[in-house]
Amino acid sequence: MEVHEKFMRRALALAKKGEGYTRPNPLVGAVVVKDGEVIAEGYHARFGGPHAEAVALEAAGEAARGADLYVNLEPCSHWGKTPPCADRIIAAGIRRVIIATRDPNPLVNGKGVEKLRAAGIEVIEGVLGEEAERLNEIFFWWVKTKRPFVSMKLALSLDGKIATRSGVSRWITGEEARKRVHELRRRHAAVLVGVNTVIADDPQLTVREIQGPQPLRVVLDSRGRTPPSARLLEEEGNTVIATTEAMPAEVEAVLRGRGAEVWRLPAREGRVDLPALQARLGQEGIDSLLVEGGGEVAWSFLSQGLVCKLYLFYGHLLVGGREIPGVGGPGVERLSQAFRVRIEAVERLGEDLLVSAYPKGEPSTRGQAL
């Protein structure tokens with residue numbers, strides 16, 4: 001089993017290279033092994049391009065006959081933009097396939113494994129299954145719900161402040177933490193902030209510290225307060241202003257003139273209805289959303305049960321003061337009402353910390369209150 005895990009870890013590392021480029025397809029890596037040695041490998045590099053198995057088998061050529069194939073997701077068994085990988089594996093003469101997880105897509109789920117076994121190929125399942133599911137958690141959620149997987153990122157001081165009492169937030173965390181945020185932006189199809197963040201910080205919301213595609217930028221702006229001079233309207237990529245009927249028509253015209261899309265959505269208590277926004281993003285094929293907005297936005301998503309994962313970056317400083325908490329809103333009255341989380345990992349990033357966690361309980365796709 002240790003040998004299987006060794007080669008599967010390599011497949012997972014290869015799969016990660018496709019972050020940001022394969023959506024809404026999963027991240028997949030493949031390794032061809034013969035006599036205990038890697039003879040070829042590949043990964044799914046972009047949507048519409050060849051799958052990982054095909055890349056690895058093409059590189060292996062005739063040497064693939066009698067070899068083992070390690071792949072972190074069940075090989076597909078149907079025609080899509082590319083031929084079925086299961087057929088390619090059979091034709092290559094692979095003797096054994098080791099997979100981490102089955103593909104939850106109903107077009108594949110179990111069918112790829114069945115086809116391989118029917119052809120006499122041994123299939124071993126479940127090697128590093130948890131790691132593989134975590135790598136493709138966005139894909140698994142998207143296949144199940146057709147709604148974006150919502151991640152929330154907060155940059156906090158050690159005493160839980162997102163800014164000083166005068167609103168200054170640059171920079172609570174250091175360079176390594178900020179680079180990780182750009183990796184998260186690359187990983188997600190869209191990034192969201194509230195209009196107050198746009199007014200206070202004038203963020204770019206782009207991928208800059210690393211290479212990668214630009215996410216869709218989304219601004220929650222129920223009344224049309226986004227400044228036409230905002231930098232996010234000038235950056236590469238697209239920007240959506242999510243608003244309500246309260247936005248004046250002349251403001252919408254100006255924002256559209258600056259290149260933004262304007263989505264008028266239903267209102268809930270005077271603000272953009274978040275479940276309606278989530279549904280619209282899903283309709284537009286947005287499989288993942290990184291919420292970077294301030295404390296009020298954080299409370300809105302948490303209190304409506306929309307958050308799938310939390311990324312809490314803690315800078316190595318104390319700010320103090322009564323103003324500007326990490327999560328705003330009315331808060332809870334009793335600890336029994338608090339949002340419970342399951343901490344996945346605590347990571348050191350330079351002098352800062354990153355806590356990755358999952359809210360306990362199943363996230364809602366409808367925005368029902370917790």
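A: Helix α9 (residues 249-257) lies across β9 and β10, and its direction makes about 145 degrees with that of β10. Helices (H or I, at least four residues) and strands (E, at least two) are DSSP runs numbered from the N terminus. Axes are lines fitted to C-alpha atoms, for helices over the stretch in contact, and angles run from 0 to 180 degrees between N-to-C directions. Contact means heavy atoms within 4.5 Å.

The model is predicted: local features need pLDDT of at least 70 and side-chain atom pairs count only at pLDDT 80 or more, while totals for chains, interfaces and linings use all residues. Residues are numbered from 1 along each chain as its sequence is written, and side-chain values use heavy atoms, with hydrogens and water left out. The predictor's confidence in each residue, pLDDT, runs from 0 to 100. Its average over the chain is 91, and 96% of the residues score at least 70. Residues 366-370 fall below 50, and this stretch has 14 contacts in the model beyond near neighbours in sequence.

β9 (residues 239-243) runs parallel to β10, and 4 bridges join the two. Two strands are taken as paired if DSSP finds at least two bridges between them. Within this pair, Ala 242 has Trp 263 of β10 as its bridge partner. Both strands belong to an open sheet of 9 strands with mixed pairing, in the order β10-β9-β8-β7-β13-β6-β14-β16-β15. Its edges are β10 (261-264) and β15, each of which pairs on one side only. From one strand to the next, the twist averages 20 degrees. Helix α7 also packs on this sheet, where it touches β6, β7 (190-194), β13 (288-291), β14, β15 and β16; its direction makes about 160 degrees with that of β14.

Ile 343 stands opposite Ala 357 in β16. The two strands form a hairpin with 2 residues between them, and Gly 350 in the turn has a positive phi of about 65 degrees.

Two or more lining residues come from each of α1 (2-16), α5 (129-135), α6 (137-145), β6 (149-156), α7 (175-187), β14 (309-314), β15 (341-349) and β16 (352-359). α7 supplies the largest share, 4 residues. The lining comprises 9 nonpolar, 3 polar and 11 charged residues. In this classification Ala, Val, Leu, Ile, Met, Phe, Trp, Tyr, Cys and Pro count as nonpolar, Asp, Glu, Lys and Arg as charged, and the others, Gly among them, as polar.

On a 1 Å grid over the protein atoms alone, a pocket is an open set of points with protein on both sides within 12 Å along at least five of seven lines, whereas a cavity is a set where a 1.4 Å probe fits but cannot get out; lining residues have an atom within 4 Å of a point. Grid points are joined across faces, edges and corners, and a volume is the space filled by probe spheres set on the points.

Over the whole structure, the search finds 2 cavities of 30 Å³ or more. The second largest cavity holds about 40 Å³. Its lining consists of Val 150, Leu 274, Leu 277, Gln 278, Leu 281, Leu 289, Phe 301 and Leu 306. Helix α10 (residues 274-283) gives the most to this lining, with 4 residues. By class, 7 of the lining residues are nonpolar and 1 is polar, with no charged residues.

The largest cavity contains about 70 Å³ of space. Gly 20, Thr 22, Arg 23, Pro 24, Asn 25, Pro 26, Leu 27, Asn 136, Ile 138, Phe 139, Arg 187 and Asp 287 line it. These residues divide into 5 nonpolar, 4 polar and 3 charged. One backbone detail concerns two of them: the peptide bond from Arg 23 to Pro 24 is cis, with omega near 5 degrees. Most peptide bonds are trans. Pro 24 lies in the loop between α1 and β1 (29-34).
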